[in-house]
Amino acid sequence: LHQHFSTLSLDNRVRLEPLPPVRGLIYDTKGVLLAANEPSFTLTVTPDKVKDMDGLFEALSKLIRLDEADIKRFERLRRQGSPYLAVPLRLHLTEEEIARVSLDAYRFPAVDIRTDLLRTYPLGIDTAHVLGYVARIDEEEVKRIDAANYRGTDFIGKNGLEKAYEEVLHGRVGYRQVEVNAKGRVLRTLESEPPVAGKDLRLHLDIRLQRNAAAALAGRRGAVVAIDPRTGGVLALVSKPSFDPNPFVEGIGAKEYAALRDDIDVPLFDRALRGQYPPGSTIKPFIALAGLETGVITAGKTKHCSGAYQLPNQSHLYRDWRKGGHGTVDMRRAIVESCDVYFYGLAHDLGIDRLDEFLTKFHFGRRTGVDLAGELGGLLPSKEWKGRVRHQTWFPGETLIVGIGQGSFLATPLQLAAATAAIANGGH
């Protein structure tokens with residue numbers, strides 16, 4: 001019995017507090033800061049110390065602004081965590097609000113004012129899709145993260161580089177064991193282990209190039225990806241239109257989020273990484289290279305383009321984009337003028353099996369493996385794919401359509417940039 005009450009007494013005067021780590025910063029290739037941490041004052045409440053929560057809200061609302069959204073967020077976070085841990089109630093307190101609460105602190109033993117470092121993105125919409133953003137940990141994430149290492153941490157990477165490098169950027173939590181009085185105020189620190197800050201990221205991304213690419217797309221839907229062929233480093237990755245990631249950090253309002261979600265231009269959609277489009281004539285250099293690699297054609301061999309192509313023993317005409325055709329063309333001229341007839345014929349001579357094998361080497365139909373979450377792999381059509389997915393036979397005319405990058409063929413802008421970089425770098 002003595003041991004039991006001694007333990008209760010110890011629990012009443014000794015408290016273990018987590019010390020959250022500072023999140024690592026993100027820089028571009030030249031040291032420009034892309035993701036920063038800025039101080040912010042947060043009013044927290046420890047639920048275990050409150051007998052009348054509604055009464056506490058009413059009393060606090062007479063000292064500081066406290067709206068329905070603050071209370072809803074508090075209740076959601078309260079359900080996710082332990083009743084013994086402080087839960088954020090009001091964010092971004094002003095100096096005047098801090099003074100008001102401090103003067104009446106004796107009335108609110110469950111209330112504390114905490115200094116947090118909040119994530120900010122100085123360049124906003126220009127880096128939203130590549131950096132992603134952090135936001136408050138949700139109920140599903142609570143189930144899969146290391147709860148011990150996230151004690152005292154409210155935020156986690158949700159997408160982009162923030163999610164891909166979460167373990168690197170987050171760091172390791174520390175703790176301190178403190179002695180407190182009956183009112184819960186800290187008297188002294190008994191033991192402590194400092195947190196380990198997250199590591200900074202230095203990207204290949206060149207923000208000058210990134211912003212120029214974004215400006216070039218102003219007013220349009222589209223994507224730009226630039227890769228350094230020597231290293232594979234992504235120098236620019238832009239999707240337009242974009243959005244400001246900063247409101248997402250602390251929880252964007254329902255009305256503001258609905259406006260982004262329902263926008264006809266879908267600014268939340270990453271076209272560079274997830275947009276899957278027919279590659280069109282951008283695929284023609286790869287078809288030409290397949291012809292050279294397999295010996296089906298030589299660069300100097302000429303073919304006549306009359307403006308249409310016919311398969312043997314068929315009447316259907318596969319037309320060129322130029323009415324009347326391009327006349328006599330060799331490989332170089334066929335690429336420069338984007339002669340469809342030349343590539344219809346070359347695709348037919350190669351056959352779909354060889355095309356599939358060769359284009360797969362450039363990662364068409366597969367993810368590139370870029371260090372970003374959410375990449376899609378496009379679609380490289382083949383006999384095997386059509387039989388497995390559509391339960392249909394492959395037709396010779398479909399091979400011709402693949403030769404000009406149309407039909408079921410889909411690629412992301414990132415895939416096209418990576419494949420083109422491989423050609424620019426001699427095949428690597």
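1. A crossing of two helices is called left-handed if the near helix is turned anticlockwise from the far one by less than a right angle, and right-handed if it is turned clockwise. Helices (H or I, at least four residues) and strands (E, at least two) are DSSP runs, numbered from the N terminus. The structure discussed here is a predicted model, in which local features need pLDDT of at least 70 and side-chain atom pairs count only at pLDDT 80 or more, while totals for chains, interfaces and linings use all residues. Residues are numbered from 1 along each chain as its sequence is written, and side-chain values use heavy atoms, with hydrogens and water left out.

2. Two packed helices are described by the angle between their axes and the distance between the axes. Here α13 (284-294) and α15 (340-350) pack at an angle of about 45°, and their axes are 10 Å apart. Axes are lines fitted to C-alpha atoms, for helices over the stretch in contact, and angles run from 0 to 180 degrees between N-to-C directions. The angle makes α13 oblique to α15; angles under 35 degrees count as roughly parallel, over 145 as roughly antiparallel, 65 to 115 as roughly perpendicular and the rest as oblique. The crossing of α13 past α15 is left-handed.

3. The contact between α13 and α15 involves K284, I287, A288, A290, G291 and T294 of α13, together with D340, F343, L346 and L350 of α15. Contact means heavy atoms within 4.5 Å. By class, the residues of this contact are six nonpolar, two polar and two charged. In this scheme Ala, Val, Leu, Ile, Met, Phe, Trp, Tyr, Cys and Pro count as nonpolar, Asp, Glu, Lys and Arg as charged, and the others, Gly among them, as polar.

4. F343, Y344, A347 and H348 of α15 meet T399, L400 and G403 of α18. The residues of the contact of α15 with α18 comprise four nonpolar, three polar and no charged.

5. Helix α16 (residues 352-360) has I352, L355, F358 and L359 as its buried residues. Buried means under 20% relative accessible area, exposed over 50%, and partly exposed in between (1.4 Å probe, protein chains only). The arc is that of the directions from the helix axis to the C-beta atoms.

6. Helix α9 (residues 207-216) buries I207, Q210, A213 and A214. Seen down the axis of α9, the buried residues fall within an arc of 120°, so they line one face of the helix. R208, A215 and A216 are exposed on the other side of α9. An α-helix has 3.6 residues a turn, so residues three or four places apart point the same way. The cover over the buried residues of α9 includes β3 (33-45), α5 (128-131), β11 (222-227) and β12 (234-240).

7. T127 is placed in the loop between β5 (111-120) and α5. T127 counts as buried, at 1% relative accessibility. Not counting residues up to four places away in sequence, T127 touches G132, I207 and Q210. I207 and Q210 are also among the buried residues of α9.

8. R172 lies in the loop between α8 (166-170) and β8 (174-180). With a relative accessible area of 44%, R172 is partly exposed. R172 and A197 are 25 residues apart in sequence, yet 6.6 Å apart in space, C-alpha to C-alpha. Leaving aside neighbours within four places in sequence, R172 is in contact with P21, N149, E193, P195 and V196.

9. K240 and P241 are joined by a cis peptide bond, with omega about 0°, and P241 is found in the loop between β12 and α10 (246-249). V266, which is not a glycine, has a positive phi of about 40°; V266 lies in the loop between α11 (254-261) and α12 (271-274) and is partly exposed, with a relative accessible area of 33%. N313, also not a glycine, has a positive phi of about 65°. N313 lies in the loop between β14 (308-309) and β15 (318-319) and is exposed, with a relative accessible area of 84%.
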